[in-house]
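Please look over the sequence and the model below. The briefing that follows picks out topics to check against them.

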Amino acid sequence: MTNALIQTVTDRIIKRSKETRQAYLADCKANMRPGPRRRRLTEGNVAHASAACPVLEKTEILGAKWANIGIVTAYNDMLSAHQPFERFPSIIKHAARRAGATAQVAGGVPAMCDGVTQGQDGMELSLFSRDIIAYSTAIALSHDMFDGVIHLGVCDKIVPGLMIAALRYGYLPQIFAPAGPMPSGISNPEKARIRQLFAEGKVGREELLAAESASYHAPGTCTFYGTANTNQMLMEIMGMQLPGASFVHPNTPLRDAITAQTTRRLVSMTNMGESFTPACDIIDERAIVNGLVGLMATGGSTNLTIHLSAIAKSAGILINWDDYSDISKAVPLICKIYPNGISDVNHFHAAGGMAYLIHELINEGLVHTDVTTVAGGEGLIEYTREPIKNAHADPDPVLFRKGPTESLDPEILGSVKTPFREDGGLRLMSGNLGRGVMKISAVKREHWIVEAPAIVINHQNELMEMHKSGILERDFVAVVRFQGPAANGMPELHKLTPVLGALQDKGYKVALVTDGRMSGASGKVPAAIHMHPEALHNGPLAKVRSGDIIRLDAETGTIDVISPEELDSREVAARPKPDNLSALGMNMFAPMREQADNAEAGASVLGDPEWAAHLRRPLA
Ligand SMILES: O=C(O)[C@H](O)[C@@H](O)[C@H](O)[C@H](O)COP(=O)(O)O
Ligand code: SF4
């Protein structure tokens with residue numbers, strides 16, 4: 001029996017999405033056809049597609065007997081989380097052959113590392129890279145040679161971009177094959193401590209580099225619970241990757257076995273396998289609600305308040321921040337993983353990980369269990385199991401055993417009855433400065449209410465300069481505006497965290513209000529983010545002046561300037577002309593800045609599919 005508020009939100013989403021979801025499913029159905037799909041292509045088409053294949057694959061592809069799997073890969077050497085994907089295509093092709101199928105790399109997609117671009121101009125392309133990834137995936141799959149698709153992606157914008165496209169191709173079976181986290185280096189709190197010391201001028205660049213390199217030190221996903229690892233949690237709880245696939249280290253026998261098993265499962269999900277399972281059957285309103293529940297129970301990244309809305313919309317499902325807020329009220333925080341604690345995802349995995357988390361959420365009626373997943377079997381209950389390498393590896397390289405039903409470390413994984421917070425720690429923030437979100441799960445309660453004079457800036461570097469000149473030693477609310485999708489691509493402003501954190505530690509009441517984003521790794525400083533309407537669209541932030549008193553109140557979920565009548569009488573400030581448009585191809589992205597939705601609608605440039613053109617009405 002699902003919790004009443006969870007069911008209310010689910011019913012509300014189903015009702016709101018009825019028309020678009022029906023149109024979406026009809027669109028998917030119209031694109032389904034018996035396999036192998038390549039039968040519809042000409043001899044010339046399939047000859048081109050198989051020209052470079054080894055003889056066995058070529059024979060099967062041309063003979064149109066075996067299912068053909070498309071691999072969409074986000075491999076590159078920039079993201080430690082994606083570097084392991086270099087080896088995946090050969091593992092997948094071998095496993096496909098053993099399962100009586102062929103596999104080809106359908107195409108590559110770009111992947112940006114937000115850690116490499118954090119605080120740099122490149123970060124202004126990060127959000128839009130998500131939709132570029134969706135477009136690139138569509139281009140890869142446009143060859144229409146594939147009866148199923150394996151997606152190789154982990155990080156921030158990559159999983160959302162792959163999922164947006166996967167759902168536009170919802171008539172195909174699709175599955176994610178993650179790479180897994182790097183082993184733990186120095187702890188995330190220790191890394192953050194050295195950064196704050198550097199911001200205070202107490203350590204030099206040499207010590208800072210040593211700490212950073214000891215934290216980010218090997219192939220695999222960074223170990224904090226940021227957007228990348230939140231994506232992994234989502235792909236499991238929404239049933240798009242195998243149970244327990246998320247947090248096994250890369251380049252290990254178990255990881256390779258999971259990748260091979262993922263391939264085998266996908267072959268069986270094609271319409272030439274045992275159980276045809278297109279992606280549109282997996283991602284429905286209940287799966288999206290399960291994703292929202294997982295986001296709140298684990299204290300996941302605020303970036304998913306943008307990406308999950310864009311993903312849902314790609315499947316004809318409309319969600320808004322009231323849904324996030326109500327699910328946050330119904331779901332307690334039962335994970336303490338940095339920035340919400342001192343542990344990392346490796347400790348989370350060792351404490352029972354996804355199998356325990358999902359067991360606990362099912363036990364307490366907080367998730368929908370009657371769902372379709374890539375694991376097959378009996379719905380979400382399959383995800384209370386964990387993978388072990390099959391000693392005989394024939395035919396299944398992986399066996400699944402029942403996962404822990406008790407937390408193996410209650411300091412990291414609590415329970416619904418003994419949570420770390422009574423709610424999911426995500427607040428909808430609204431008031432006369434607009435509508436945004438705030439993650440309070442990592443903010444101490446004493447910092448939930450900040451009322452102080454505004455310091456209004458148009459770029460995060462201005463605040464860094466002020467800090468260097470020592471004028472920030474006081475209470476203030478930093479208003480960093482013209483950071484929305486239309487202004488400059490809505491960058492993360494995570495570089496502000498060490499400075500604001502150091503001032504907070506000195507006892508000053510500091511907060512941040514912005515139409516930009518923060519990193520999933522941001523935490524301790526109260527921040528109302530994703531504010532819309534954004535400043536460039538004449539949102540209220542464009543009228544705020546330094547010295548205005550602003551009250552940010554996470555208890556009530558309000559964000560107001562104390563003298564609104566004066567605000568109304570003001571002209572909007574003009575945005576200073578950006579000085580980086582000729583850098584890194586920024587000016588190529590002007591059409592995306594003009595086209596992007598607001599953050600609550602998913603900040604997407606993809607617009608609405610033909611079947612939802614009438615969608616362009618304000619979110620209910
Ligand atoms: O949303 C996220 O999780 C972040 O974008 C993350 O992917 C990014 O890389 C951080 O910047 C890493 O943290 P540091 O910048 O503190 O290393
Ligand atoms: S988690 Fe962030 S910093 Fe780490 S590899 Fe992924 S994008 Fe880069």
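The end C-alpha atoms of residues 412-603 lie 33 Å apart, and this span is 18% helix and 24% strand. Helices (H or I, at least four residues) and strands (E, at least two) are DSSP runs, numbered from the N terminus. The model is predicted: local features need pLDDT of at least 70, side-chain atom pairs count only at pLDDT 80 or more, and totals for chains, interfaces and linings use all residues. Residues are numbered from 1 along each chain as its sequence is written, while chains are lettered from A and ligands numbered from 1 in the order in which they are written.

**Annotated span**
- UniProt lists residues 412-603 as "domain: Dihydroxy-acid/6-phosphogluconate dehydratase C-terminal", in an unreviewed entry.
- UniProt positions are given in the numbering used here, feature names are shortened, and annotations may be inferred rather than shown by experiment.

**The four-stranded sheet**
- Four strands form an open sheet in the order E2-E1-E3-E4, with parallel pairing.
- Strand E2 (101-108) and strand E4 (174-176) are the edge strands, and each pairs on one side only.
- From one strand to the next, the twist averages 25 degrees.
- Two strands pair if DSSP finds at least two bridges between them.
- Strand E3 (residues 148-152) pairs with E4 in the parallel sense, over three bridges.
- In E4, Phe176 stands opposite His151.

**Helix H11 over the sheet**
- Helix H11 (residues 253-269) lies across strand E1 (67-73), E2, E3 and E4.
- H11 runs at about 150 degrees to E3.
- Axes are lines fitted to C-alpha atoms, for helices over the stretch in contact, and angles run from 0 to 180 degrees between N-to-C directions.
- Two residues are in contact if their C-beta atoms, placed from the backbone, lie within 7 Å.

**Helix H4 against H11**
- Helix H4 (residues 88-98) and H11 have axes that come within 9 Å and cross at roughly 50 degrees.
- That angle makes H4 oblique to H11.
- Angles under 35 degrees count as roughly parallel, over 145 as roughly antiparallel, 65 to 115 as roughly perpendicular and the rest as oblique.
- H4 and H11 cross in a right-handed way.
- A crossing is right-handed if the near helix is turned clockwise from the far one by less than a right angle, and left-handed if anticlockwise.
- H4 contributes Phe88, Ile91, Ile92, Ala95 and Ala96 to the contact, and H11 contributes Asp256, Thr259, Ala260, Thr263, Arg264 and Val267.
- By class, the contact of H4 with H11 has seven nonpolar, two polar and two charged residues.
- Ala, Val, Leu, Ile, Met, Phe, Trp, Tyr, Cys and Pro count as nonpolar, Asp, Glu, Lys and Arg as charged, and the others, Gly among them, as polar.

**Helix H6 against H7**
- Helix H6 (residues 126-141) packs on helix H7 (residues 158-168) at an angle of about 40 degrees, with axes 7 Å apart.
- H6 and H7 are therefore oblique to each other.
- Their crossing is right-handed.
- Among the contact residues are Arg130, Asp131 and Ile133 of H6, and Ile158, Pro160 and Gly161 of H7.
- The contact of H6 with H7 divides into eight nonpolar, two polar and three charged residues.

**Backbone points to check**
- The Tyr338 to Pro339 peptide bond is cis, with omega near 10 degrees.
- Pro339 sits in the loop between helix H15 (321-330) and helix H16 (345-350).
- The Asp394 to Pro395 peptide bond is also cis, with omega near -5 degrees.
- Pro395 is in the loop between strand E5 (385-389) and strand E6 (398-402).
- Ala393 lies in the loop between E5 and E6.
- Ala393 is not a glycine, yet has a positive phi of about 50 degrees.
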